[in-house]
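Here is a short briefing for a first look. Have the sequence and the 3D view at hand.

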Amino acid sequence: MSRSHTTPRPVGVITRGTTGINRLRRSDRWLVHDPSVHRALTRAAEPLVVDLGYGASPVTTIELARRLRTVRPDLRMVGLEIDPARVVPGREGVVFARGGFEMAGLRPVLVRAFNVLRQYPEEAVPEAWASLRRRLAPGGLIIEGTCDELGRRCVWVLLDADGPRSLTLAWDPHTVERPSDLAERLPKALIHRNVPGERIHHLLELADRCWATAAPHAPFGPRARWRVACQLLRDAGIEVARPRRRLRDCVLTVPWSCVQPS
């Protein structure tokens, strides 16, 4: 007698599930235009994307599918929630199912896990990252991060099968006074490391100083001022990624080595 297929038991705990329309727009825009994400999607034989822990509403999963399909029209999107009450019927070509860090046995080329690990203890992060990395398809990537309730302040880590690659801060240019205002939205792996002697603390302090130095450019708008601040950061020795296009958000992407905990 053949044995029926069974999916792995979900791994993780139920989160608060807070979500909202367009809450993750800044990270979505970054994903669409980031060169490494673009390569992973376009080169994948099976372009499967998993949105892990989408919350009480699947709206941000559907939004992500729409945006990523501008890169890969045949993309397959699966939203996973550990709470069975949140699993809804599929729509717009997106499938929803129960699952956690085991990813329901799937092998995606891209995983988004936003506002999930923030509700876990810091010591749980390495194993959660390792669990997700083990289940990636070859060449796959993970974006794990946090944002505020309206999506105006977002911070995320990009990981591959070997570990974290970069940290990105993105914010609404008109609602943030200085880069260090995003400290409260640092991912769980870094939020308790924003203290003197740690690299993330040094980066935020330096970003604030460069932002202040760029104040004469404020009449041209916060985006123009931030471009000057980014160049000052580069002049100070920080390897700031150069965006492929002019962005509507203020964005700071640096290698993980710039912020890796001591």
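L110 stands opposite L141 in strand β5. This is a predicted model.

**Strand pairing**
- Strand β4 covers residues 110-114, and β5 covers residues 141-147.
- These two strands run parallel and are joined by 5 bridges.
- β4 also pairs with strand β1, residues 48-52. That pairing is parallel too, over 3 bridges.
- Here L110 of β4 is the bridge partner of V49.

- Helix α4, residues 125-134, forms a β-α-β unit with β4 and β5.
- The unit is right-handed.

**Cover around β4**
- Of the 5 residues in β4, 5 are buried.
- In a regular strand, side chains alternate between the two faces of the sheet.
- Both faces of β4 are covered. L110, R112 and F114 are buried on one side, V111 and A113 on the other.

**Nonpolar cores**
- Nonpolar side chains tend to be buried together in soluble globular proteins.
- The largest nonpolar core has 50 residues. L167, W226 and L233 touch the most other members.
- Helix α6, residues 199-213, gives the most to this core, with 7 residues.
- Beyond its neighbours within four places in sequence, L233 is in contact with L206, A207, C210, W226, I238, V240 and L252.
- Another core, of 30 residues, lies apart from the largest one. Among its members are L24, Y54, V251 and F114.
- F114 is also one of the buried residues of β4.

Note on methods
Residues are numbered from 1 along each chain as its sequence is written. This is a predicted model: local features need pLDDT of at least 70, side-chain atom pairs count only at pLDDT 80 or more; totals for chains, interfaces and linings use all residues. Side-chain values use heavy atoms; hydrogens and water are left out. Buried means under 20% relative accessible area, exposed over 50%, partly exposed in between (1.4 Å probe, protein chains only). Helices (H or I, at least four residues) and strands (E, at least two) are DSSP runs, numbered from the N terminus. Two strands pair if DSSP finds at least two bridges between them. A crossover is right-handed if, with the strands pointing away from the viewer, the path from the first strand over the helix to the second runs clockwise. A nonpolar core is a set of buried Ala, Val, Leu, Ile, Met, Phe, Trp, Tyr and Cys residues joined through side-chain atoms within 4.5 Å. Contact means heavy atoms within 4.5 Å.
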